[in-house]
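Me: Please take a close look at the helical part of this model. Keep it brisk, and give the cut-offs as you go.

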Amino acid sequence: MTFDSRIGPNGREDDVTNALRELYAPPADDRYWSDLAQRIMARVSSEGEGDAWWQPLAQLARVGVLAAGVALAVASIALTRSRTAEPSLAYESLADTPRTSFLQIAIEPDVNSAREATLRYVIAP
């Protein structure tokens, strides 16, 4: 057994390397290669028949397109509702505020009187 100090911590073991080369060596028989070529060509020519590898993906693509359409519809409805909700909220916030001026509040001495409360109730929109 000889060691090569360039490969690995303990060098290279030639016996193991040779055993692995014999184990993984390509077949020397030419018939193996011709049979392999025939099997490959038979598989390639039969791809048009029966189930192809991409058919399950095609079925998933249909479901994906449907899910994307539903998501697009939901997003567009949500966007439309949010756009209509903003102006109505702005209008309601302006409509609900009382129309008293700051000067009126500063000048009036008794804002909590019953007469003043009744007047505000009658005049308020």
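Reply: Helices are DSSP runs of H or I with at least four residues, strands are runs of E with at least two, and both are numbered from the N terminus. The model is predicted: local features need pLDDT of at least 70, side-chain atom pairs need 80 or more, and totals for chains, interfaces and linings use all residues. Residues are numbered from 1 along each chain as its sequence is written, and side-chain values use heavy atoms, without hydrogens or water.

Start with α2, residues 30-45. The expected span of a helix is 1.5 Å times one less than its number of residues.

Now burial. Buried means under 20% relative accessible area, exposed over 50%, and partly exposed in between (1.4 Å probe, protein chains only). Of the residues of α2, 0 are buried, so the helix lies largely in the open. Tyr32 is partly exposed at 36%, and Trp33 is partly exposed at 42%.

Next, the rings. Rings of Phe, Tyr and Trp (its six-membered ring) pair if their centres lie within 6.5 Å; planes under 30 degrees apart are stacked, over 60 edge-to-face, and the rest tilted. The count is 1 aromatic pair. The ring centres of Tyr32 and Trp33 are 5.1 Å apart with planes at 80 degrees, so this pair is edge-to-face.

Last, charge. A salt bridge puts a side-chain nitrogen of Lys or Arg within 4 Å of a carboxyl oxygen of Asp or Glu. The whole structure has 1. Asp29 and Arg31 form a salt bridge, 4.0 Å from N to O. Asp29 is partly exposed at 41%, whereas Arg31 is exposed at 58%.
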